[in-house]
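Subject: Structure for your files

Hello,

Here is the structure I said I would pass on. Please keep it with this note, which goes through the findings.

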Amino acid sequence: MKKVVVGLSGGVDSSVAAAILHNQGYDVIGLTLWLMKGKGQCCSEGMIDAASICEQLGVPHEIVDIRDVFQANIVDYLVSGYSVGITPLPCSQCNKTVKFGPMVEYAREKLESNYIATGHYARITYDETTGRYQLLRAVDRNKDQSYFLYDLSQDLLGASIFPLGELNKSDTRKIAAEYGLKTADKPESQDLCLVESNGSMRAFLDKYLAPKPGDIVDTTGKVLGKHDGVHHYTIGQRKGLGIAAAEPLYVIELDAVNNRVVVGDRTKGTQGECTVNRVNWVSIAEPATPIRAEVQIRYRSQPVAVTVMPLENDRVRLVFDEPQFSITPGQAAVWYEGEKVLGGGIIEQFS
């Protein structure tokens, strides 16, 4: 009977993952990571619900305090990025450095288990020919979370189980009800845990970054309005600019050096290519020559055709078949071949 450590946030997805594995005969141990103080799906009431699920299933439950790890790798990472005019994506960073990495280490060293499981909607297979684990989209494309998992190493993929990868969300709710789980009707988390904990991203950032008034300008440098900090804006933003214009204007650049928010029409916010750093090749080894793929430059963006051109130092250049709007430094670009995640990285600049 395989021992598996299941990451429990207190939500319905991780609860069902634990229940499925327990029902299949796995030796389940629940593990909740204490990420931060205050409310949020991963903390406070979430830990109580996670403990309740473990009690219901009759399995052990452990809580590990990694608030310092979360502070250094997520909070400080976000604040540092926003302060220099980029919009960091915390979830992929959190999955690798805060959740999966520490969970696998704890499972191996403390609980004598080589496997962890989570409630993520994604799938993992093993390719005998290449000797690599492959990360695939979930069956439920509306819930697919493979975009956020692109940075997992081969070691972490090999140690991970995703029981919900073949399910639709409606199936998950149905299973939770059938098992009588306390979390069966628990509402979905709608935002980042930091947003839920602080009320908004603006409120979170205002705890760390002081107001820094500056100009909102067009591409010629003409002043159109004022802002109270570039960290309050993101590329592609249209609403909340506080300026009047004859045509819709969007944020097309965050110039932190000169403390300016640059706006323009949609065409000025559309680019044909970008460079990506901190690249992780997932289901394939790094290619020596350009490859064709489909890429998402945001979690909810539609995949678009692209040529991925490998560069030195874990970087690539993405050349889009059709220019893309609102390419945002700090966000993840993840490229696919059908359902298979080929690789991904962090957008560093566009051109």
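Below are the findings, from the whole chain down to single residues.

This is a predicted model, in which local features need pLDDT of at least 70 and side-chain atom pairs count only at pLDDT 80 or more, while totals for chains, interfaces and linings use all residues. Residues are numbered from 1 along each chain as its sequence is written, and side-chain values use heavy atoms, with hydrogens and water left out.

Overall chain

The protein chain has eight helices and 17 strands (DSSP runs, H or I of at least four residues for helices and E of at least two for strands, numbered from the N terminus). Its C-alpha trace spans about 65 × 45 × 35 Å along the principal axes.

Of the 351 residues, 52% are buried (under 20% relative accessible area; exposed is over 50%, partly exposed in between, with a 1.4 Å probe and protein chains only). The chain exposes about 16000 Å², and carbon and sulfur atoms supply 48% of that area (Shrake-Rupley method, 1.4 Å probe; for residues, only the protein chains shown count as cover). Among contacts with a separation of 6 or more, 64% are between residues 24 or more positions apart (contact means heavy atoms within 4.5 Å).

Two sheets

Strands of a sheet pair through backbone hydrogen bonds, either parallel or antiparallel. Here two strands count as paired if DSSP finds at least two bridges between them.

E7 pairs with strand E4 (residues 115-117) in the parallel sense over two bridges, and Ile-116 has Ser-160 in E7 as its bridge partner.

Another open sheet has four strands, ordered E9-E8-E11-E10, with mixed pairing. Strand E9 (223-227) and strand E10 (250-255) are its edges, each pairing on one side only. The twist averages 30° from one strand to the next. Strand E8 (residues 214-217) pairs with E9 in the antiparallel sense over four bridges; Asp-215 has Lys-226 in E9 as its bridge partner.

Gln-237 sits in the loop between E9 and E10. It counts as buried because its relative accessibility is 17%. Beyond residues up to four places away in sequence, Gln-237 touches His-232, Leu-249, Tyr-250 and Val-251.

Cysteines

The structure holds zero disulfides (pairs of cysteine sulfur atoms within 2.5 Å). For Cys-91, the nearest cysteine sulfur is that of Cys-94, 7.1 Å away. Cys-91 is partly exposed, at 25% relative accessible area, whereas Cys-54 is buried at 2% relative accessibility.

Cys-94 lies in helix H4 (residues 90-110) and is buried, at 6% relative accessibility. Leaving aside neighbours within four places in sequence, Cys-94 is in contact with Phe-70, Ile-74 and Lys-99. Phe-148 is 54 residues from Cys-94 in sequence, and their C-alpha atoms are 9.2 Å apart.

Regards

Technical notes
Axes are lines fitted to C-alpha atoms, for helices over the stretch in contact, and angles run from 0 to 180 degrees between N-to-C directions.
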